[in-house]
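Let's read a fold together, one feature at a time. Bring your questions, and we will take the general idea before the case.

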Amino acid sequence: MWNPEQYAKFSNERLRPAIELISRIPNINFKSIIDLGCGNGEITNKLYEQFQPKSMVGLDSSNAMLEKAISLNSDINWHRNNINDFTGSYDLIFSNAALQWLDEHELLFNKIISCANKVIAIQMPNNFHCPSHVLLRETISENPNYNKKLAHTVRENPVLSKEKYYELFYSKVSYIDIWETIYLQPINGENAVLEWVKGTALVPIKDALSLDDFNEFTMIYNAKLKKVYPQINNSVTLFPFPRIFMIAVK
Ligand SMILES: C[S@@+](CC[C@H](N)C(=O)[O-])C[C@H]1O[C@@H](n2cnc3c(N)ncnc32)[C@H](O)[C@@H]1O
């Protein structure tokens, strides 16, 4: 289950890529906008204030996240739904840090392209190959107990190459810009990277284990993390984080 408080622990670092993505959206009149995987609605609300569309939809599958969102702005239509099942057409289709949770990106992106009237703006972490994710899979595969209970949480990397996304957009839009940024994030706390991952990649793992098993799992995983991401002088931990950005104009 998504926990808005855990996710918000690193809100500055999580907000920055969204703001950088929004800053690259062309300043045109959008009558309708949808934010796929809107989470707690903070970024949806920023889009709403900046572009003032007639219709704004924030879509997410998590009740806990949507409860936070609803309390932010009641003029926005908050929909509980799976991103795979969204329908309709929108002038701007936006998604920040959510599509990496879905598989079959070729199908998904073709649907997004066909449902967008004017602009598509997407940002996704590109971190399946990063130590935080590799060590998570290693912790699962090393222990037969976890391996059995967590096999369904282990996914193939759904994020395609930047070149493949370019190919998907190229013949269907008039403008496409795709880029990647690796943020060298200095994050605070004794178990900083573990606390970060608890807000995202550990969500399905927590859901699948008893509390005792989860605590044991995170202890083993955290020991591995601390070797790869050491604290500097018992202070910050550097946590490099690659993200792919896309802006397409129809
Ligand atoms: C990392 S959060 C990002 C939230 C928000 N976009 C932001 O940038 O703060 C990912 C969000 O995607 C949602 N999500 C993941 N898979 C989803 C799916 N298949 N359908 C709808 N929402 C999904 C989660 O519930 C979560 O709120």
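**One face of a helix**

Q: Which residues of α6 are buried?

A: In α6, the buried residues are Ser132, Leu135, Leu136, Thr139 and Ile140. Buried here requires 20 or more other C-beta atoms within 10 Å of a residue's own, exposed 12 or fewer, and partly exposed anything in between, with C-beta atoms placed from the backbone. Seen down the axis, these residues of α6 fall within an arc of 140°, so they line one face of the helix. The arc is taken over the directions from the helix axis to the C-beta atoms. As a general idea, an α-helix has 3.6 residues a turn, so residues three or four places apart point the same way.

Q: Before we go on, what kind of model is this?

A: It is a predicted model, in which local features need pLDDT of at least 70 and side-chain atom pairs count only at pLDDT 80 or more, while totals for chains, interfaces and linings use all residues. Residues are numbered from 1 along each chain as its sequence is written.

Q: What do the buried residues of α6 pack against?

A: They pack against α7 (144–150), α9 (192–198) and α11 (211–228). Two residues are in contact if their C-beta atoms, placed from the backbone, lie within 7 Å. Helices (H or I, at least four residues) and strands (E, at least two) are DSSP runs, numbered from the N terminus.

Q: How many residues does α11 have, and which of them are buried?

A: Helix α11 has 18 residues and spans 26 Å from first C-alpha to last, close to the 26 Å expected at 1.5 Å a residue. That expected span is 1.5 Å times one less than the number of residues. Phe217, Thr218, Tyr221 and Leu225 are buried in α11. They cover an arc of only 95° around the axis, which puts them on the same side of α11. Their cover includes α6, α7, α9 and α10 (203–208). The face turned away from the buried side of α11 carries the exposed residues Asp212, Asn215, Met219, Ala223 and Lys227.

Q: Where do the buried and exposed residues of α2 lie?

A: Arg14, Pro17, Ala18 and Leu21 are the buried residues of α2. Viewed down the axis of α2, they fall within an arc of 95°, so they line one face of the helix. On the other side of α2, Ser11, Asn12 and Ile19 are exposed. The buried residues of α2 are covered by elements including α3 (42–51), β4 (90–96), β5 (116–125) and β7 (237–249).

Q: Is Trp78 buried or exposed?

A: Trp78, found in strand β3 (residues 77–80), is buried, with 22 other C-beta atoms within 10 Å. Leaving aside neighbours within four places in sequence, Trp78 is in contact with Gly41, Gly58, Leu66, Ala69 and Ile70. Trp78 and Ile34 are 44 residues apart in sequence, and their C-alpha atoms are 9.8 Å apart in space.

Q: What contacts does Lys149 make?

A: Lys149 is found in helix α7 and is partly exposed, with 17 other C-beta atoms within 10 Å. Beyond neighbours within four places in sequence, Lys149 is in contact with Ala208 and Leu209. Lys149 and Ala208 lie 59 residues apart in sequence and 6.8 Å apart in space, C-alpha to C-alpha.

Q: Which phi values are worth a second look?

A: Most residues other than glycine have a negative phi. Gln52 has a positive phi of about 45° although it is not a glycine; Gln52 sits in the loop between α3 and β2 (55–60). With 11 C-beta neighbours inside 10 Å, Gln52 counts as exposed. Ala97, in the loop between β4 and α5 (105–115), has a positive phi near 55°. With 20 C-beta neighbours inside 10 Å, Ala97 counts as buried.

Q: Which residues are closest to the ligand?

A: The ligand is surrounded by 19 residues, the closest being Gly37, Gly39, Ser61, Ser62 and Trp101. A residue is near if its C-beta atom, placed from the backbone, lies within 6 Å.

Q: How many helices and strands does the protein have?

A: There are eleven helices and seven strands. Of the 250 residues, 34% count as buried.
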